[in-house]
Amino acid sequence: MDKINIIREELEKVYGEISPFEFKNQLINLAKGQKRKSSRTLLDAGRGNPNWTAATPREAFFTFGQFAISECRRVWSKDSLAGMPHKGGITNRLAKYITKNNDAPGVELIRKLINYAAIELSFNVDDFVYELTDGIIGDNYPFPDRILPHVEKVIHDYLISILNYKEQNGKFNIFAVEGATAAMCYIFNSLKENYLLNKGDKIAIMTPVFTPYLEIPILPTYDLQVIKINANELSKDGKHTWQYPISELEKLKDKSIKALFVVNPSNPPSVAISDECTNELINIINTYNPNLMIISDDVYGTFVDNFKSLVASFPYNSIGVYSFSKYFGVTGWRLGTIAINENNIFDKLLRDLPLDKKQSLDKRYSDLSINPYNIPFIDRIVADSRQVALNHTAGLSTPQQIQMAFFSIFDLIDKNKDYRNLTKSICRRRQKLLFKGLGLKLDNNPYDASYYTEFDLLEWAKDNYGKDFAIYLEKNSKPVDILFKLAKESSIVLLSGGGFSGPEWSIRISLANLNDDAYSKIGSILRKILNQYFLSWKEINHI
């Protein structure tokens with residue numbers, strides 16, 4: 001048996017048994033090996049890292065960093081040593097620095113940023129500029145450890161702007177974290193540590209979904225029962241809409257389901273929950289399961305017109321998770337937030353715990369306060385992120401927080417939403433090119449983020465070649481066969497949608513991380529491979 005067949009057998013053996021991201025790495029190794037034998041370029045459309053970066057706020061960030069260094073040297077400068085920034089008169093010194101360095105990259109944004117803080121946010125400008133300066137230098141521990149005060153206000157307004165959060169019965173408290181992945185880990189852990197989720201409890205997950213949401217709950221540490229709410233609604237012509245039929249949403253009437261986890265817009269279909277589904281959820285949850293905890297991961301929300309997070313519909317019940325990574329092209333910075341309304345179900349459930357559980361938690365958090373029972377859930381997440389004992393060193397690094405502030409104000413002052421519209425147009429253009437190469441009609445879907453696309457190969461085979469061929473394909477082949485062919489013959493790497501708890505024959509293609517022409521190529525090659533299967537079927541059946 002030759003090496004390629006051995007690799008194929010190994011891939012078939014692990015397909016569906018390991019994470020699709022780990023499976024993708026094996027496909028990449030195969031594609032790279034084939035690439036070396038040809039002049040082909042490796043096209044990895046399996047990961048969601050965008051191939052754009054938000055340049056202007058980065059320029060402003062790094063230019064401001066030079067001002068911050070000058071502030072340190074102003075206090076004390078000896079060779080490579082400098083002091084720590086001082087607040088008094090810092091805004092005036094920044095104004096002089098801007099005038100002197102008027103041609104530096106990002107200076108105009110710095111000027112607008114300070115004006116916005118003074119006029120729109122009513123900040124004491126010296127306080128704000130000092131927080132930015134000291135934060136970007138990173139010479140102090142984050143304080144408060146949850147998030148810097150001015151940064152919190154800026155990010156708060158940004159989240160309301162992009163996700164349509166509503167301040168019902170209070171504002172949102174924010175915890176700055178190392179991306180949405182850290183947020184997931186922290187939330188799962190604190191729900192467990194605070195007896196809000198216990199081993200054997202039921203949780204619901206809206207699927208298809210980012211695979212860690214499926215993998216974390218079944219770890220021995222959590223051992224939760226998972227109820228899947230499947231986006232298996234079909235249109236009149238039999239196509240996936242990636243919405244949730246009432247029969248699936250009604251599973252949430254079960255009061256024993258403690259929590260609902262959702263990525264909205266979804267991953268991999270990257271389709272936002274429709275208004276109809278949201279209204280149905282509002283009716284079901286408010287009527288049948290009012291104590292349901294909702295964790296909504298909204299990282300792709302900026303790519304949908306007029307997006308509205310479930311947090312906006314359920315501010316009392318929800319934890320909002322957001323990452324800056326996709327929109328600003330900043331996956332390497334690890335920038336994310338956890339947001340919880342001041343009035344929330346989590347604090348209520350803590351108050352309603354049995355006495356023995358309350359006493360156990362009082363002991364857990366006793367070093368943080370003489371009244372540990374009054375510590376809100378979001379601050380418990382902060383403490384738990386550092387095993388409680390290291391709470392005094394908790395928090396996201398201050399330079400990361402300042403970068404988030406620059407990104408947030410950059411978007412807030414972009415009144416015409418030029419940057420947002422540009423990122424949307426990139427994804428939508430690539431989706432059109434992909435579908436054109438596939439020979440598929442692309443319907444106008446107002447809920448489609450177009451960051452990924454997921455489509456069912458069997459559905460496509462039926463539409464293009466007929467029902468009989470689709471039956472043959474399903475009976476005689478496996479999705480892994482097509483993924484293998486793409487990697488081996490064309491050095492193209494895609495992910496299986498089945499690994500995300502989507503349809504077995506669906507595939508996920510990231511529309512964010514390759515140049516435009518790659519999507520035309522992926523579409524046409526994928527179509528060519530399916531046509532080869534079709535020709536074989538015709539030959540077998542003497543058609």
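Student: Which residues are buried in α8?

Tutor: Keep in mind that this is a predicted model. Helix α8 is mostly covered, with eleven of its 15 residues buried. Buried here means under 20% relative accessible area. By that cut-off the list for α8 is G179, A180, A182, A183, M184, Y186, I187, F188, N189, S190 and L191.

Student: Which residue with a positive phi follows α8?

Tutor: Most residues other than glycine have a negative phi, which is the background for this one. Here phi is near 60 degrees, and the residue that follows α8 with that value is Y195.

Student: Why do the buried residues of α19 line one face of the helix?

Tutor: The buried residues in α19, which covers residues 467–476, are F469, A470, Y472 and L473. Look down the axis of α19 and they fall within an arc of 160 degrees, so they line one face. On the other side, K467, D468 and K475 are exposed. The reason is thus the arc that holds the buried residues of α19, 160 degrees.

Student: What do the buried residues of α19 pack against?

Tutor: The face in question carries F469, A470, Y472 and L473. Those buried residues have two packing partners, α18 (457–465) and α21 (516–540).

Student: Are α7 and α16 oblique or roughly parallel to each other?

Tutor: α7 (residues 149–163) and α16 (residues 398–412) pack at about 45 degrees, with their axes 9 Å apart. Angles under 35 degrees would count as roughly parallel. The pair α7 and α16 is therefore oblique.

Student: Is the crossing of α7 and α16 left-handed or right-handed, and which residues make the contact?

Tutor: The crossing of α7 and α16 is left-handed. From α16, the contact uses Q401, I402, M404, A405, S408, I409, D411 and L412. The residues from α7 are V151, V154, I155, D157, Y158, S161 and I162.

Student: How are α4 and α6 set relative to each other, roughly perpendicular or roughly parallel?

Tutor: The axes of α4 (residues 90–100) and α6 come within 8 Å and cross at roughly 70 degrees. I90, T91 and L94 in α4 meet V125, D126, V129, Y130 and T133 in α6. Angles of 65 to 115 degrees count as roughly perpendicular, so α4 and α6 are roughly perpendicular.

Student: What about α3 and α4: is α3 oblique or roughly antiparallel to α4?

Tutor: Helix α3 (residues 55–75) packs on α4 at about 125 degrees, with the axes 11 Å apart. Roughly antiparallel would need an angle over 145. That makes α3 oblique to α4.

Student: Which residues of α4 make the contact with α3?

Tutor: α3 passes α4 in a right-handed crossing. α3 brings T63, F64, Q66, F67, S70, E71 and R74 to the contact. α4 answers with I90, R93, L94 and Y97.

Student: Is N164 buried or partly exposed?

Tutor: N164 is in the loop between α7 and β4 (172–177), and has a positive phi of about 60 degrees although it is not a glycine. Its relative accessible area is 25%, and buried would need under 20%. So N164 is partly exposed.

Student: And is Q387 exposed or buried?

Tutor: Q387 lies in the loop between α15 (377–384) and α16. Its phi is positive too, about 55 degrees, and it is not a glycine. Exposed means over 50%; with a relative accessible area of 61%, Q387 is exposed.

Terms used. Residues are numbered from 1 along each chain as its sequence is written. This is a predicted model: local features need pLDDT of at least 70, side-chain atom pairs count only at pLDDT 80 or more; totals for chains, interfaces and linings use all residues. Side-chain values use heavy atoms; hydrogens and water are left out. Buried means under 20% relative accessible area, exposed over 50%, partly exposed in between (1.4 Å probe, protein chains only). Helices (H or I, at least four residues) and strands (E, at least two) are DSSP runs, numbered from the N terminus. The arc is that of the directions from the helix axis to the C-beta atoms. Contact means heavy atoms within 4.5 Å. Axes are lines fitted to C-alpha atoms, for helices over the stretch in contact, and angles run from 0 to 180 degrees between N-to-C directions. A crossing is left-handed if the near helix is turned anticlockwise from the far one by less than a right angle, and right-handed if clockwise.
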